[in-house]
Amino acid sequence: MVELRKKRTLTHEELLDKYYNEVSCSLLHYQSSTLGLFPRGNSGHARVRDNVYCAIALWSLALAYRHIGDDKGRTYELEQSAVKCLRGILYCYMRQAEKVERFKISWLEKDALHSRFDPFTGDLVTEDMNWGHLQIDATSLFLLTIAQVTESGVKVVMTMDEVNFVQNLVYYVERAYRTPDFGMWERGTKENIGKRELHSSSVGMALAAMEALNNLNLFGDEGTSASVIHVDPDAHYRNRIILSTLLPRESTSKVSRYLHRIDPYRLYRITVNYYYTRYIKN
């Protein structure tokens, strides 16, 4: 009679080491040595949204490593790899500071921050109108991640010039409620004809970034009132109201015929119950 061997459960340390090896092979191996950005696909360009996701993966694993005794130096390595990536994006953005100033006045597509860069030099890789660069959600995701990483005790912003620029980026995204963009699909309307529209995901991400950054000191405990980020309450209110009117649609052209069947409260209960059963109860 054949005995079935019970699969051994990995310890927390072994599980984290497994994740570290996966992250090392799939992310760290491809991180540029200069700016810490991650290239994508055949183009080799670094896209803001993709790089923020990579930084979040590294930072999240670093947070997990904080809870074990001997982390083999991996907590610091992962944290600094995430910081290097975020600072690489910040560097690419700061090279376009004039665009931010122009965009706050014109709100034109040609004045929007670029969303793709050379991962080693930070140079622009496309012309202003040759790609859907106006992606409020990507810039907002970057701001939200800076806030979360800073709150965890890892500093991303180092100088007052950078603090002032981050404050400027808040002004850049806070009018998301009235700024049609190309959205997270980088395509605009569903017809993909280069026409922008208002997206729930962009407004929602801008709202989340504003709430996370409001009254946050980017220098942490060592900072003064000069390094605190401020958000316009009126802009926050307008984004919240517009988001509530847009949902559950993503945009005017991206509407599913099944959306009217969604019960948000039932979906909320299912999500909370799943999380409790999967991660808390057991």
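Where is the place of W131? W131 lies in the loop between β2 and α5. Helices here are DSSP runs of H or I with at least four residues, strands are E runs of at least two, and both are numbered from the N terminus.

A word on the source. This is a predicted model, where local features need pLDDT of at least 70 and side-chain atom pairs count only at pLDDT 80 or more, while totals for chains, interfaces and linings use all residues. Residues are numbered from 1 along each chain as its sequence is written, and side-chain values use heavy atoms, with hydrogens and water left out.

Back to W131. Its relative accessibility is 26%, so W131 counts as partly exposed. The cut-offs: buried is under 20% relative accessible area, exposed is over 50%, partly exposed is in between, with a 1.4 Å probe and protein chains only. W131 touches R47, E109, S115, R116, T126 and E186, leaving out residues up to four places away in sequence. Contact means heavy atoms within 4.5 Å. Take E109: 22 residues from W131 along the chain, with 10.0 Å between the C-alpha atoms.

Next, helix α2, residues 48-65. At 1.5 Å a residue, its 18 residues should span 26 Å, and the end C-alpha atoms are 26 Å apart, which agrees. The expected span is 1.5 Å times one less than the number of residues. Buried residues in α2 include V48, V52, A55, W59 and A62. The buried set packs against α1 (12-26), β1 (46-47), α3, β2 (116-117) and α5.

Now α5, with two partners. Axes are lines fitted to C-alpha atoms, for helices over the stretch in contact, and angles run from 0 to 180 degrees between N-to-C directions.

Partner one: α3, residues 74-94, packs with α5, residues 136-151, at about 135°, axes 11 Å apart. The pair is therefore oblique. Under 35 degrees is roughly parallel, over 145 roughly antiparallel, 65 to 115 roughly perpendicular, and the rest oblique. L86, I89, L90 and Y93 of α3 meet T139, F142, T145 and V149 of α5. That contact has 6 nonpolar, 2 polar and no charged residues. Nonpolar is Ala, Val, Leu, Ile, Met, Phe, Trp, Tyr, Cys and Pro; charged is Asp, Glu, Lys and Arg; the others, Gly among them, are polar.

Partner two: α7, residues 200-213, packs with α5 at about 25°, axes 8 Å apart. These two are therefore roughly parallel. The α5 side includes I136, D137 and L144; the α7 side includes M205, A209 and L213. By class, this contact has 11 nonpolar, 3 polar and 1 charged residues.
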